[in-house]
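Here is a briefing on a predicted model.

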Amino acid sequence: MRTVNVASIIDTVEKLCIDANYYLNSDILNALENSFEKEESDIGRDIIKQIIQNANIARSEKMAICQDTGMAVVFVDIGQDVHITGGSLTAAINEGVRRGYSKGYLRKSVVKDPIDRVNTGDNTPAIIHYNIVEGCTLKIAIAPKGFGSENMSGLKMLKPSDGIEGVKSFILETVDKAGPNPCPPIVVGVGIGGTMEKAALLAKKALLRPIDQRNEVEYVCSLEREMLDKINKLGIGPAGFGGRMTALAVNIEVYPTHIAGLPVAVNINCHATRHAEAEL
Amino acid sequence: MKHIIQTPLTKDTVKNLKAGDTVSINGVIYAARDAAHKRLISWLHMGKTLPFEIEDQIIYYVGPCPARPGEVIGSAGPTTSSRMDAYAPDLIEIGLTGMIGKGLRNNDVISAMMKHGAVYFGAIGGAGALIAKTIISEEVVAFPEFGTEAVRKLTVKDFPATVIIDSYGNNLYDTGKLKYRIDQ
């Protein structure tokens with residue numbers, strides 16, 4: 001048994017919210033630099049150059065990379081032997097988000113009700129996904145999710161007979177339809193299998209994986225490479241102005257599913273695919 | 001072609017702008033997004049005077065981050081324009097000549113642009129820190145209760161943008177994509 005006080009959780013979440021929004025991860029930065037080399041369109045190269053400049057300004061001046069600092073999506077892996085003291089874990093995470101978005105001068109983008117649409121003023125509540133694991137670890141990952149890209153995501157309940165070709169068509173169709181809206185070059189997270197909500201969660205989780213790491217399952221790894229190649233033939237290009245570099249990576253996760261189903265979810269991220277993790 | 005634009009943006013200038021041209025915008029532009037548009041249009045339909053002049057103006061679809069003390073504004077890149085498609089034609093009809101945002105527009109907006117003479121500029125989505133550096137003053141001029149969605153009067157210097165859809169209906173999103181698309 002290990003005890004963790006909520007005070008350290010609040011501090012950690014606060015810092016992760018700020019770090020994720022200010023500092024572009026090195027895997028993304030490397031991919032952007034590589035895409036600059038590969039881009040054939042002049043205007044596309046210019047856009048990538050400005051995106052890299054933007055990340056550098058954000059880092060050095062401690063500014064948000066993008067004004068859409070997102071809804072805070074929080075993944076918590078909590079060991080079953082961890083005991084939280086001093087208050088509620090969920091309340092602590094929300095307090096960390098509240099402080100991080102206030103102290104970091106991040107935008108408050110959450111409305112209390114989807115129809116009434118009054119801003120909560122502090123970017124809470126967060127979207128929190130808990131995963132109970134063995135042992136006494138406590139890992140927190142924050143992935144601020146902007147809605148320019150979230151809005152272009154999609155989910156489809158395919159038939160088993162649609163097979164892998166059906167999956168490929170749906171991914172390609174979703175990205176093609178999204179066009180310039182999700183701020184390309186994008187990162188594409190895909191979840192295949194499970195139930196409807198499991199597929200969506202897999203797609204979201206796929207976006208946490210560094211984009212220079214491929215899935216270990218051989219056919220999934222090939223599918224990731226094939227889909228990246230296909231997406232980069234769509235012509236959308238950086239900012240959607242036309243070009244070769246529409247996506248930086250495709251990350252796919254799979255899960256067992258029902259004999260009657262083949263759910264597929266495609267969750268799109270912009271070029272500022274943001275996430276920060278910490279282990280307490 | 002590269003243009004240096006000084007606002008207000010007149011219809012004569014609009015005529016010279018072609019899809020694919022790059023522009024550097026200088027002067028006053030207005031920030032407004034979802035909530036502000038909804039209210040502006042309801043005021044317009046009620047016959048109320050709008051809180052800022054629309055004729056020959058540019059609206060930038062943006063909801064900025066808060067400014068640090070001593071700074072003008074926080075990160076301030078474009079938001080997705082299609083959410084303003086329901087409102088834009090009415091504003092174009094009363095003289096709006098420019099919109100800055102990112103992403104696709106619908107046919108109603110493009111038709112209104114062609115009929116009345118307006119242009120749609122794309123700013124780089126996700127380059128909010130870079131764009132913030134071109135904003136030299138900021139003032140909330142209407143609906144402060146909307147927070148980040150309030151209407152702001154921004155003075156910009158060398159604000160970088162690209163003409164996406166011109167007043168003739170040419171669309172860089174279509175032509176650019178077609179040029180690099182490989183059939184598969």
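Chain B and chain A bury about 3500 Å² between them, 59% of it on carbon and sulfur atoms. Buried area is the accessible area (1.4 Å probe) that two parts lose on being put together, summed over both. B:Arg68, B:Tyr180 and B:Gln184 supply 20% of the area that chain B buries against chain A, more than any other three residues.

In this predicted model, local features need pLDDT of at least 70 and side-chain atom pairs count only at pLDDT 80 or more, while totals for chains, interfaces and linings use all residues. Residues are numbered from 1 along each chain as its sequence is written, chains are lettered from A in the order in which they are written, and side-chain values use heavy atoms, leaving out hydrogens and water.

**The interface**
- The contact (heavy atoms within 4.5 Å) takes 43 residues from chain A and 42 residues from chain B.
- Three salt bridges link chain B and chain A; each is a side-chain nitrogen of Lys or Arg within 4 Å of a carboxyl oxygen of Asp or Glu.
- A:Asp176 forms a salt bridge with B:Arg181, and their closest N and O atoms are 2.9 Å apart.

**Two helices of chain A**
- Helices here are DSSP runs (H or I, at least four residues), numbered from the N terminus.
- Helix α6 (residues 163-178) of chain A packs against helix α8 (residues 218-231) of chain A at an angle of about 40°, with axes 11 Å apart.
- Axes are lines fitted to C-alpha atoms over the stretch in contact, and angles run from 0 to 180 degrees between N-to-C directions.
- Among the residues that meet are A:Ile164 and A:Leu172 in α6(A), and A:Leu223 and A:Met227 in α8(A).
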